[in-house]
Structure formats: structure tokens, C-alpha cells
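Open the model in your viewer and keep the selection tool handy. We'll go from stop to stop, picking something and looking at what is there.

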Amino acid sequence: MTNKAEYKLLSKLFFRLLPFQVLMIVINAVNGIVDSLYASNAIGTTAMTAIGLYGPLNHFLYAASIMFVGGSQILYGRYLTKDRKHINGIFTLTLVVSLALSLLTSIILILCVVTNATSVFTSTAEDLKMLNSYIIGQAIGIPALVVGQQLFAFLSLENQTKRTTVASISCFVTNAILNHLFVVILPMGTFGLGLSSSISTWIFLGVMAIYYIRGKSEWKFDLKSVRWRETLQMVLLGYPGALSRFVEMFRCLIVNFLVLKYVGSDGISAFAASNSLLAVIWAVPFGMVAVSRMLFSIFIGEQDRRSLVDVFKIVMTKGMLLMGAIVISLIVLAEPLTNLFYHDPTAPVYHMTVMGFRILPLCMPLAVLSLDYACYAQTMEKKAMSVILPIIDGMVGVVACSFVLIPLLILNGLYISNVLNGFICLAVIAIGAMITNKKFPVTLEDLMAIPKHFGAREEDRIDVSIRNMEEVSQVSARVGEFCLQHNIDRRRSTFAGLCLEEMAGNVVGHGFNLDNKSHSIDIRVTSKDDKIIMCIRDNCAEFNPEKRGEAMKTGEFGKNIGIKLVYSIAESVNYQNLLGLNVLTIQI
């Protein structure tokens, strides 16, 4: 059963984090739109074809980035409650490995251009020339793109949303200015388009890197703390999340082949135009996945069964409502959006782009569910589902339908294939849950197929919320009774109540009055292996009791007596500021 106050706090946290995750993806997507607008209006349709042909390479780069982000975040969640000091090693490892891979990718792409190996993408001389120039320009910024994604993820975990916002906006503004300079004022063609993206990406990286260079971050770059053997573990944990993007590279190659065969280059241009603008909207589902991954990683590390379900419930309710409103708006605005790229309503490319805006958005609500479920399966290490679902979602579903529908319905066949793919993925999720549970999933927990041994049983935990000082003593008494019912001796039961009353009372007495915002304390108490573990979360200003408790070492009498008492009677006390929430874990 969901604790309403806890669910409300989690929902607020989810949608507080979402805009910043969306912003990073939106900036990249908007940069793509700016490139497309300059390509179609200042260079020509051939430049749009080059951008479309570069799509598979772009999918590969984002797949690599997501792999390291996902793997490092899952390890982060594991070490957060058990070995916080080792997070520096994870942070350093992901930066070093992602930098090495991105440099290698840049070198390979440049060699492919020099040796003309890129001719596998197109046999048309003009298209190939445009593509080669675009690749050279983009290759310069690949290391900044991949490493920047890693820094963004860790800054988000440290709640440095202002810095990530500044970095994202700086990237967009720089790209827009340089596109005009390199394409209009200095006619550098598609090389100018790629170069402007690269320079803006390096600025994006630089703004974030300053925070770490100045030593203000909680996590530090420290080669001595790296356990290099964890590279493989990080890849194995992260690759399911990247698998969908990776196989999309092959999907793009196959789809491009089918479109060129049955529709022609106008089909590629129309699909590239609609995709470049819809990439902005895709930032919302992908932003939800980024937030879910952070929360799933933390809650799995904490063995918090209920919060896992609540995160997915937020996505399925409020997330789906948000996507529904966006999809309706896109369908209504199909023609005005098309006019941004093409202006002749009689041209085939115009009509094909309009239909793209009317049909493609319909797959987004379905994708919200499949993407978040795949993220959950990856974080929970459901190995079969975390591999099968991304492969079907990223390639198999769309390609299988496209082979049948594109010859029959031309480009509309490709658009419809993307929608049908969503239904295929939902069927795979339901079948997977049915196989695991040996029954048809009825509840959300059934659908998630959370292992029975995961977390505390309902009867071995209580979840309560506190909104005022009166409730503090009531909850304290309830915790004492809970301990006695679980065969905890009276002495430790009393201590548990005292610890909770002191720490929760301190938050209500001081944290609630620092601003005019609404606050609550959410408390989870679990009994496991003859131990009582209390987790206290609040959304007040950051407060680390350990720093106050250090006064006990100075011998100053009369200061922080309550905190000293807690530290003296508890077996362990661990404070973390997670994504802007104070989280205090006390073990008695």
C-alpha cells in the first residue's frame, strides 16, 4: 500500500528533476533542429540527406554515452549505502574509459572519410561529399559529447541543476551563433554545421568541468581509487540501457535502405525533418528514463520495494498524461511545423513530412512505458528482459513491420511501423511478467515482477509521515511498539524511539521554519536480521547532523546533546543528500 505523503514527496522530486534532464536532451535536439533549418534553407535538400545519413553514427555515440552513464549510476546506487568512499573510483573510471572510447571513435570516423569508406552509406557523389564534410566537423566534438554526458549525470546526482542548466543553454546559444557564422556568413557548408556543434559541445563540457577543477564537488577525480577490473562490470551493467540506441543504428541503416529503394531521397529528407523536430519531444520520455534510472539505482541500493513501485506508478499516470497532451498538440500543429522546413505544399516531401508529424507522435506514450520498464529491468539486473526488450524496441519491431508496410504504404508505412512497435513492446513486457510470476499480471507490482526476496516484507516495515511536532512523539511511540512486536529487546526499542524523536524533532523544529514551502518527513522503519533500520527523508534545506555531532569530539558541554545521544547509542548513522533530499539512515 502506498504512503500518500511519501508518494507525493517522490512525485515532487521526480518532476523537479525532470526539467533539467529534459533540458540537456532538448538542447541537443534543438541543436539538431538548428542544423536542419540551416541545412534545408541555407544549403539545400542534399545537406538534409547528409544529416539523415549521419543518424546511425549519432545513435552509436549516444548508446556509448548511455552505457557508461547507466553502468556508473547503478554502481553509484550500490556503493552509496555501503562504500561511499569508492564512488570517487567509479566517477574517475567512467570519465577515463568514456574519453578513451570517444577519442578512438573520432579517429576511426576521420579515417573512414579519408579512405572513402563512408561510401557504404550512399553511392551518390554529391550526398557523399556533404556527408564526409559533416562527419569531419562532428568528429572534433565527439570526446566532449561523450564525456559531457558523464559529468552531467554526476552533477545531477549532486543536485547541481543550476550548473547543468547554464552548460546546456551555453551550448545552444553558441551553436546557433556559430551556425549562422559558418553557414551563412562564411559558406562552409555541412562542415560548418558539424564544426559549430563540436565547438558548442566543448563549451558545454567546459562549463561543467570548472566545478570539478575548482574542487567544489563531492566526488573527485582520483586515479588511485580506481578499480580497473570494474570496467567490465560497468559495461555489463550499462549496456542493456544502451542496447536500444545501439541497435537503432542498424535500424536506421535498414530503414534508410528501404526508404531510398521505395520512396527516394525525398523520403530520407522528410523523415530527417520530422525526426529532427520530434527529437525535442523525445527529450521528455528520455528525461523520464534518466530520472527513473537515478531513483531506481538508489532505491535498489536501499532495498526499497515500495519506492520502486511508486516511481513506475508516477511514470504510468502523470507521465502518460503529460505525453498525451504533447502528442495532441503535435498532431494539430503538423502543417505549421512542416513549414519550418519546406514551403511548397505541392511538393511530395512536404506531404510526407506533414504525415510524419501526424503519425509518429502516436508511438511516444507507448514508448514511455517500454523505455522506463527497460530501465527498471536493467537496474534490477533482470538480464533476459533488459536485453530482449531493447532489441525489440530499438530494431526488431520497427524493421519487421517496415519490410511489410513500406512497400505497401510508402513512407506512411515507416511511420505506422513505429506505432505498432510500441504495442509489440507492451506485449513482450506482459509476457515476460507472466512467465516470471506464472500468472497474468494484474497489479503494477505483478507487471514489474519484483523478486520476492527483495526488500523487507510488508509486515516487517512501517512507513509514516510527519508534518508537525505533535506527530513526532506519536510516531516515536509507534516505532517503539513496532520494535517490540519484532522481538527487539525493550532497551533497543526505547533507543529507536528516542533516536527517531530527536532527529525528526530537530527537522520539524528547525528545517520546517527556514522558508515558506510545504515540508514533510517521510520515515521508513524496517526489521531485518534482528536489527532495526530507520530511514528518515525530508525536503528541507541541506543539514548534515554528522557535522554537528563532531562537536562531541571537542568536549563542548551543552551543545548538540540530542545529536550526541543518537550517535552514542546507534550502531551506525549515515547521512546523504540525495538529489536535493536529506536522507538519514540509523541502525540500532
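How many residues does helix 8 have, and how far does helix 8 reach from its first C-alpha to its last? Select residues 230-262: helix 8 has 33 residues and reaches 47 Å, close to the 48 Å expected at 1.5 Å a residue. (The expected span is 1.5 Å times one less than the number of residues; helices are DSSP runs of H or I, at least four residues, numbered from the N terminus.)

Before moving on, a word on what you're looking at: this is a predicted model, where local features need pLDDT of at least 70, side-chain atom pairs count only at pLDDT 80 or more, and totals for chains, interfaces and linings use all residues. Residues are numbered from 1 along each chain as its sequence is written, and side-chain values use heavy atoms, with hydrogens and water left out.

Still on helix 8, click alanine 242: a kink of about 50 degrees is centred there. (The bend is the angle between axes fitted to the seven residues ending at a residue and the seven starting there.) Then step just past the helix to glycine 264, which has a positive phi of about 110 degrees.

Next stop, helices 2 and 3. Select residues 45-80 and 87-114: the two axes come within 10 Å and cross at roughly 170 degrees. (Axes are lines fitted to C-alpha atoms, for helices over the stretch in contact, with angles from 0 to 180 degrees between N-to-C directions.) That makes helix 2 roughly antiparallel to helix 3, the word for angles over 145 degrees. Show side chains to see who meets whom: among them are Phe60, Phe68 and Tyr76 from helix 2, and Ile90, Val97 and Leu101 from helix 3. (Contact means heavy atoms within 4.5 Å.)

While you're in helix 2, pick alanine 47. Is alanine 47 buried or exposed? Alanine 47 is buried, with a relative accessible area of 0%; buried means under 20%, using a 1.4 Å probe and protein chains only. Leaving aside neighbours within four places in sequence, alanine 47 touches Ala39, Met130 and Thr190.

Last, colour the aromatics. Phenylalanine 296 and tyrosine 376 make an edge-to-face pair, 5.7 Å centre to centre with 65 degrees between the planes. (Rings of Phe, Tyr and Trp, the latter by its six-membered ring, pair with centres within 6.5 Å; planes over 60 degrees apart are edge-to-face.) Both residues, phenylalanine 296 and tyrosine 376, are buried. Finish at one aromatic cluster: Tyr76, Phe91, Phe154, Tyr211, Tyr212 and Trp219.

Conventions. Helix = DSSP H or I, 4+ residues; strand = E, 2+ residues; numbered from the N terminus. Phe/Tyr/Trp six-rings, centres within 6.5 Å; stacked < 30°, edge-to-face > 60°. Buried < 20%, exposed > 50% of the residue type's maximum accessible area, 1.4 Å probe, protein only. Parallel < 35°, antiparallel > 145°, perpendicular 65-115°, else oblique.
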